Amino acid sequence: MQLFLPIADIPVNVFLILAMGAAVGFVSGMFGIGGGFLMTPLLIFVGISPAVAVASVSSHIAASSMSGAISYWRRRSIDPALALVLLTGGSIGTALGVATFTWLRSLGQLDLLIALSYVILLTSVGGLMFWEGLRAMLRANSGNPVPMRRSGSHGWIHGLPLKMRFKRSKIYLSVIPVVAIGLLIGFLGAVMGIGGGFILVPLMIYVLRVPTSTVIGTSMVLTLVTMLFATMLHAVTNHLVDAVLALILMVGGVTGAQFGARAGQKIRGEHLRLLLGLLVLAVGVRFAFELGIKPVELFTVRETGGAT
Amino acid sequence: MRMRATAIAALALAAALTALPARAEKLIVSVSNHRVTVTPNYSGEELVLFGSVEKDANTPPGRTYDLVVTVAGPRADMVTRRKERKFGIWINTDSRQFLQVPAYLAIFSNRPIDAIASPEVQRRQQLGINNVVLTQRVGTDYADVVPNDPFRSAFVRLRSQHGLYRESSSAVTFLTPTLFRTGIPLPAEVPIGTYNVDIKLFADGQLVTRTETAFEIVKVGFEQFVATSARQNGFAYGLATIAMALMTGWMASIVFRRD
């Protein structure tokens, strides 16, 4: 069934988009991530312009993190104080991200920025995750698993001023790194069309030492709010949010996520990390490959307005 | 029904034209539809333009005619960018701005334009894509450039790939020596707006007469409503999208609740 997307301005097959949403939803449910880093590239590959893809995916991620955040809230595994501090940085980061997005779009370098940030971020994070997963798996196989969290070892991060007590997470921490992480995730989210869960969760675990009981729920709150904010800013400044596209993605995504979550429970943790690392790495390499080879068409045409 | 409406329109046009002072030839044309509505499942359409050459006493006998039809869509500013290899990756470097160029351009004739008129006449009458003025910003100046300019030819090629620019030297068919028709294909991604159709009649390499008509392409339905509100009411549109995301997420958490 063909449907004309009003903002993306191209006709698409509804079932293709729905299936893509479900597939990404499955993966995101399995790994407990938003899946934006898969959704945005997939949309670009089917012919939707990177700018529209980034802007529309933010509302799709907002929907999936909304359902996630609700269920974590019911289980009381969200730290409201920590979420609030993260959000201070997150909102500023998102605003900066959308401003950068608008500026680069006018220069004609937006697609390059999106591709480059995917290459750098995904290959490095994916490589690290893959390596971690591989090591953990080898250790598990040799029979001496190493605990994930080395409690008690305080790095320089914990020596920073402006300390604050986060009750539900049971941590006592400076707000500076928390705001900085929020800022980074907000910025990347707005520019790349990703929720940033796959970077945020490791950062919170390894850098902030947030206990695993509250880490995913709290990161989902940050993702939810920054993505809502990004949707709003993209809608107001660039008019690039395709609500029809977003709705199809949301419906596919939230359904797929349920099945993914069930499948994820059957797989061992280190296997999951290995698989996720591999997936992230593959997307990064795909973008790197695209930048390196000579494009079939060197020219592009874009309407800059003034239509009469 | 449509045929009859067109016939009436043609008659009305003929009546109006006969009131004008006598010229050697007159062109009477009509398009099959003056208002094309693009619905969500629109996947392209073809309009038909037909007309006839009316002769009078002043017409030299035995004249054969050539016809060039130029359909120009709404005008817009466009930018064409070129990628170049820098630091091992392909990035946009050079760009050229095209000012108020037609978003859709189709040129149809009954035989190759080179056979219809001399290069001088082609240039003056803007016959063919190579002769239509596509204004570019060149430094501080505004001008069209030679047809084989890399940016101009890339622009035309890319528009042609989407079916938005086209040229055909066999699209106009003469059903009788004076009665002609041509199809105007409109692709799925046709821009909305007013389309001007310029019909020029040639005999012996010279312009004999010309006439103009127009049609309009409008988008209707939900999609158009979404597109318009996104552009004109960004804030409300953003709020609606946010509400939709929150609702979908909330619904999913209820439908799939497991605890």
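A: A residue is called buried if 20 or more other C-beta atoms, placed from the backbone, lie within 10 Å of its own, exposed if there are 12 or fewer, and partly exposed in between. The model is a predicted one, in which local features need pLDDT of at least 70 and side-chain atom pairs count only at pLDDT 80 or more, while totals for chains, interfaces and linings use all residues. Residues are numbered from 1 along each chain as its sequence is written, and chains are lettered from A and ligands numbered from 1 in the order in which they are written.

By the burial criterion, 32% of the 259 residues of chain B are buried. Leu207(B) is partly exposed, because 15 other C-beta atoms lie within 10 Å of its own. Leu207(B) belongs to strand β14 (residues 206-219) of chain B, where helices (H or I, at least four residues) and strands (E, at least two) are DSSP runs numbered from the N terminus. Leaving aside residues up to four places away in sequence, Leu207(B) touches Gln125(B), Lys200(B) and Phe202(B), a contact being a pair of residues whose C-beta atoms, placed from the backbone, lie within 7 Å. Val220(B) is 13 residues from Leu207(B) in sequence, and their C-alpha atoms are 39 Å apart.

Chain B as a whole holds six helices and 14 strands. Among its contacts with a separation of 6 or more, 66% join residues 24 or more positions apart. Four strands make an open antiparallel sheet in the order β1-β3-β12-β11 (chain B), with β1 (25-31) and β11 (173-174) of chain B as the edge strands, each pairing on one side only; two strands pair if DSSP finds at least two bridges between them. Within this sheet, β3 (residues 45-55) and β12 (residues 179-186) of chain B are joined antiparallel by eight bridges, and Glu46(B) stands opposite Pro185(B) in β12(B).

Turning to the partner chain, 49 residues of chain B are in contact with 50 residues of chain A. On chain B, the elements that give two or more residues to this side are β5 (75-86), β6 (89-102), α4 (150-161), α5 (222-232) and α6 (234-255), and α6(B) gives the most, with 14 residues. The side comprises 25 nonpolar, 14 polar and 10 charged residues, where Ala, Val, Leu, Ile, Met, Phe, Trp, Tyr, Cys and Pro count as nonpolar, Asp, Glu, Lys and Arg as charged, and the others, Gly among them, as polar.

As for confidence, the model scores ipTM 0.79 and pTM 0.71, and chain B has a mean pLDDT (the predictor's confidence in each residue, from 0 to 100) of 82, with 89% of its residues at 70 or more. Within chain B the mean is lowest in helix α1 (residues 2-18), at 54, and highest in strand β7 (residues 105-109), at 92. Over residues 18-22 of chain B pLDDT stays under 50, and the model has two contacts beyond four places in sequence for them. Where pLDDT is low, the predicted coordinates should not be read in detail.
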